[in-house]
Amino acid sequence: MEPKILYPHPILNKKFGLGDDYPILSDQDIDGIIEDYIKAAVLAQKAGFHFVDIKHCHGYLGHEFLSAYDREGKYGGSFENRTRFLREIVAGIKAAAPGLEIGVRMSIFDWVPFQKGPEETGVPAQGDPYRYAFGGAESGILADLSESFLFLQELEKLNIELLCTTAGSPYYNPHIQRPALFPPSDGYQPPEDPLHGVARQIQATAQIKKAFPGLYVIGSAYSYLQEWLPNVGQEVLRTGKADSIGFGRMVLSYPDMPADILSGQGLKRAKICRTFSDCTTAPRNGMISGCFPLDPLYKKMAEYDQLKALKGE
Ligand SMILES: Cc1cc2nc3c(=O)[nH]c(=O)nc-3n(C[C@H](O)[C@H](O)[C@H](O)COP(=O)(O)O)c2cc1C
Ligand code: SF4
C-alpha cells in the first residue's frame with residue numbers, strides 16, 4: 001500500500017504504518033485529481049451512464065476532506081475549504097459533461113476508529129475528545145449531524161438530488177458501517193448487537209429525509225435484518241424515513257431478493273446473507289470478492305479453500 005493522505009491522522013497513520021512525517025497530498029496534487037474525476041465523468045457519459053456518484057464516504061478521499069480541519073491551504077480548515085473538492089468537481093462535470101446527473105454517497109456520521117479490546121471485542125482506539133469524525137460528536141461514539149446538514153445544504157445549492165446514506169468506514173469502524181455478526185478476518189467482534197447498527201443508520205437517514213424532503217434518499221445497512229429486511233424496508237418506505245432501500249451484501253448472496261419480495265412468492269432461505277464477512281475478508285487478502293459461502297459459483301473456487309485456511313477452518 002502507498003496511501004495518499006490529506007492530513008496526518010493521529011490514529012490512522014499508526015494503524016497503517018505511516019510515520020507522523022508521511023507526506024500529504026499538495027494542493028496541486030489535488031487540483032490534478034479533480035481534473036481526473038472530471039475526465040472520468042466525461043468517459044462515463046460517453047459510455048452511456050446517466051449519473052456519477054461523487055463519493056463522500058467510508059474514509060475515502062472525498063470523505064477525508066470533510067474532516068481535514070487541521071489542513072492548511074484552500075482544501076482544509078474552514079467548512080468552505082473542506083467542501084471545495086466537491087464544488088470543483090461538480091462545476092467541472094457540469095461544464096464538460098452537460099446533462100450527466102450527479103449523486104453523492106455520504107457517510108452521514110462517523111465515529112472514532114475501533115480496535116480489538118478484551119476478548120477481541122471492539123473498543124474505541126482513543127477516548128474523547130476525538131476531533132476527526134465528520135458528523136460525529138467529540139465523544140467519538142455519537143452522531144452530531146450539524147455539519148452533515150451543512151454538507152447537504154451544499155448539495156441542494158449544487159442541484160444534486162440523489163443521496164445514498166451510509167456511515168463510518170469499513171476500515172476503522174466497520175460495525176457502524178456494515179453491522180455483522182461475524183467480523184472480517186482483520187476486524188473485531190461486534191461491541192453491540194448489530195441491530196443497533198442497523199437502527200442507528202435508519203434513524204439518522206430518517207432525520208435527513210425529514211430535514212431535506214427534496215432529496216431522493218437511499219438508505220443502507222439493511223442486510224443484517226436477513227429474513228426481516230422486507231418488513232423493515234416496507235416500514236421505512238411507508239413512513240417516509242427514506243425513498244429507497246439500498247442493498248449491499250444481500251445483493252452478493254441473493255441478487256434476486258427484490259424480485260422475490262415484489263412477486264410475493266416468498267424468500268429463498270438458503271440465499272439470505274448471514275453476514276459472514278467472507279466477501280470482505282477475501283479482497284482484504286488480495287482475492288476477488290463474492291459470496292463464497294452461499295453462491296455456488298464462488299463456493300467451488302480455489303479462493304474459497306484459501307479463505308477457509310485463512311480463517312483456520
Ligand atoms: C464486498 C463489499 C464491497 C463494497 N464495496 C463498496 C464500494 O465500492 N462502494 C461503496 O460505497 N460501498 C461499498 N460497500 C458497502 C456497501 O455498499 C454497504 O454500505 C454496506 O455493505 C452496508 O449495507 P448492507 O448491510 O446491505 O451490506 C461494500 C460492501 C461489501 C460487503
Ligand atoms: S460472504 Fe455472503 S453471507 Fe457473508 S457477508 Fe458476504 S454476502 Fe453475506
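With a relative accessibility of 43%, Glu-120 is classed as partly exposed, a value that lies between the 20% and 50% cut-offs. The model described here is a predicted one. Lys-116 is likewise partly exposed, its relative accessible area being 43%. These two residues form a salt bridge in which the closest N and O atoms are 4.0 Å apart. The criterion for such a pair is a nitrogen-to-oxygen distance within 4 Å. Side chains of opposite charge can pair when their charged atoms come close. By the rule applied, the model contains 18 salt bridges.

A second pair is formed by Glu-154 and Lys-157, whose side chains meet in a salt bridge with an N to O distance of 3.0 Å. Both residues belong to helix α6, which spans residues 146–157. Because Glu-154 and Lys-157 are three residues apart in this helix, about one helical turn separates them. The two partners fall into separate accessibility classes: Glu-154 is buried, at 11% relative accessibility, whereas Lys-157 is exposed, at 61%. The assignment of Glu-154 follows from the cut-off, because buried means under 20% relative accessible area; Lys-157 counts as exposed because its value of 61% is over 50%. Glu-154 and Lys-157 are also part of a network of salt bridges that includes Arg-87.

A further salt bridge joins the side chains of Glu-192 and Arg-200, with 2.6 Å between N and O. Glu-192 is buried, with a relative accessibility of 18%.

Attention now turns to the ligand. For Arg-105, the distance from a polar side-chain atom to an oxygen atom of ligand 1 is 2.7 Å. For Arg-249, a polar side-chain atom is also found 2.7 Å from an oxygen atom of ligand 1. On its own, ligand 1 has 610 Å² of accessible area, and the protein covers 73% of this area.

Technical notes. Residues numbered from 1 in each chain as written. Chains lettered and ligands numbered in written order. Predicted model: local features only at pLDDT ≥ 70, side-chain atom pairs only at ≥ 80, totals over all residues. Heavy atoms only, no water. Buried < 20%, exposed > 50% of the residue type's maximum accessible area, 1.4 Å probe, protein only. Helix = DSSP H or I, 4+ residues; strand = E, 2+ residues; numbered from the N terminus. Polar contact = N/O pair within 3.5 Å; in protein donor to acceptor, adjacent residues only side chain to side chain. Areas by Shrake-Rupley, 256 points an atom, 1.4 Å probe, with all protein chains shown as cover.
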